[in-house]
Amino acid sequence: MISRTSDSIIGCLLGTAVGDAFGLPYEGLSKRRQVRLYPNLNQYQFLFGRGMISDDTEHTCMVAQSLIVSAGNVDIFKQDLAWRLRFWLLGLPAGIGYGTLRSILKLWLGYQSGVFSAGNGAAMRSSIIGVCYGDDLQKLRELVRASTRLTHTDPKAEYGAFAVAFAAHLSSCNSNVYSQNYYRQLVNILGTEAAEFLELIEKACHSADAGESTAYFASQLGMYNGVSGYVYHTVPVVIQTWLRHQQDYPGAIREIVRCGGDTDTTAAILGGIIGASVGKGGIPTEWLQGIWEWPRTRVWIELLGKQLVDVCNDGNAKGALPLPLWGILLRNLLFTIVVIVHGFRRLLPPY
C-alpha cells in the first residue's frame, strides 16, 4: 500500500511537471502553426532542448505543500494555501492568468475568496488532492472547494477541478478505468446542478469509447484551432484523452499538445492524472532528466512527494519543504527572458 501510494503521489507530481514543461513552448499556437514550427514532438523545445515548468506545476506543488502542513484539515489547508499564493505572486511569475492575478490581489487586501471566473486555474492544481484524499469523497469535495474558491468562485471552475481530482483518484487505484463508470460516479457526486458540465463529460466518455482522436473531439466542441483556457473546454478534452491513453503517458501528452491552444495546462493536467497511475517509471526517462529547473528541481519535487506520502500514511502534519524567494526571483527573471525570446521566434518563418 505504501509503495503504491508513493508511486501515485510522486508520479502525479512529476507527471504534472513533465507535461507542463513539454507543452509550454507550444502554448497559444494553432494546430497548423505548431506543426510548421515544430514538426516533431520528440524533445523539449523551450531552452536548448531542455524544459522548464510554469504556473501549472508551481500551483500543484503549493497544494502539495499545504496538504503536508494541514494533513487534510480543510481550514488549515485553505489558510496555508492562501499565504502560499500571496508569496508566489511576490516572486513575479510570468504568464499569470488575469483571474488568478486579481484573486491573489484580493487575498492581499484581506478577502478570502477569488473572482467569478471559469478559468482552469483550479483544475490545474487539483489532481494531487484526488490522489491523496479520493477515498473520502466528502473530504475531497471540501479540499477541492477550498482550493478552487481562493481564486475562482464560479461553480463551473469547481466542477472542473473536482472532475480532474476524481479522475486522478481513480487513475491512482486502477490501471484501466471504464469511462462509463467514471461518468456515472461523477453524476452521483455532482448531481443535477452540474448538468451542463456532466453532458460534456458524457460526450468525452462516448468519444473515448468510440476511439476518436483528441483533435476530432475538440473540433466537435467547436475548438478548431486549439483548446482554450475555459474549464468547460479544457477538462472534457483532458478526460477524453486520459480515457484513451491511461497507460501511455508519452502518447497522451503528444496527442493533447498537438491540439494546440493552452498546451502547457492541458498537458500538465493530463500528465498528473496519468502519472498517478503509471508512476515515475511510466514517464520517459529522457523527459524527466530534461527538465532544467531550480529551485523546484526534479529532486525537490520527488522529496516533496515523499513528504506528502508520509503525511498521508501516518496522518500527522509536517513542515513543508522551503524554497528561497531570492532563488525564485532569479529563476523567474530567466524564465521571462526565455518566454520573450519565444515570442519573437514566433514572428519568424516558417508560416
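Begin by selecting Arg298, which is partly exposed, with a relative accessible area of 28%. Here buried means under 20% relative accessible area, exposed means over 50%, and partly exposed lies in between, with a 1.4 Å probe and protein chains only. The model on display is predicted, so local features need pLDDT of at least 70 and side-chain atom pairs count only at pLDDT 80 or more, while totals for chains, interfaces and linings use all residues. Residues are numbered from 1 along each chain as its sequence is written, and side-chain values use heavy atoms, with hydrogens and water left out.

**Helix α16**

The side chains of Glu302 and Arg298 meet in a salt bridge at 3.3 Å, N to O; the term denotes a side-chain nitrogen of Lys or Arg within 4 Å of a carboxyl oxygen of Asp or Glu. Both residues lie in helix α16, four residues apart, about one turn of the helix. Helices (H or I, at least four residues) are DSSP runs, numbered from the N terminus. The structure holds ten salt bridges.

**The salt-bridge network**

Next, select Glu58, Glu293, Arg296 and Arg331, which are linked in a network of salt bridges. Which residue does Glu58 pair with in a salt bridge? The partner is Arg296, and the closest N and O atoms are 3.7 Å apart. This pair links distant parts of the chain: Glu58 is in helix α3 (residues 55-70), whereas Arg296 is in the loop between α15 (285-289) and α16 (298-314), 238 residues apart. Glu58 is buried at a relative accessible area of 3%, and Arg296 counts as buried at 7% relative accessibility.

**The nonpolar patch**

Switch to a surface view and select Trp83, Phe87, Leu90, Leu92, Trp108, Leu325 and Leu329, which make a nonpolar surface patch of about 690 Å². Accessible areas come from the Shrake-Rupley method with a 1.4 Å probe, and for residues only the protein chains shown count as cover. Patches are made of residues with over 30% relative accessible area and no salt bridge; like charges are joined within 9 Å, and nonpolar side chains (Val, Leu, Ile, Met, Phe, Trp, Tyr) within 5 Å. Helices α4 (74-90) and α17 (325-345) each supply at least two residues of the patch. The largest share, three residues, comes from α4. Trp83 lies in α4 and counts as partly exposed at 45% relative accessibility.

**Helices α8 and α12**

Display helix α8 (residues 155-173) with helix α12 (residues 231-244); the two pack at an angle of about 15 degrees, with their axes 9 Å apart. Axes are lines fitted to C-alpha atoms, for helices over the stretch in contact, and angles run from 0 to 180 degrees between N-to-C directions. The helices are therefore roughly parallel to each other, a description given to angles under 35 degrees.

**Thr265**

Finish at Thr265, in helix α14 (residues 263-278). Thr265 counts as buried at 4% relative accessibility. Select Ser228 as well: the C-alpha atoms of Thr265 and Ser228, 37 residues apart along the chain, are separated by 9.8 Å.

Terms used: Parallel < 35°, antiparallel > 145°, perpendicular 65-115°, else oblique.
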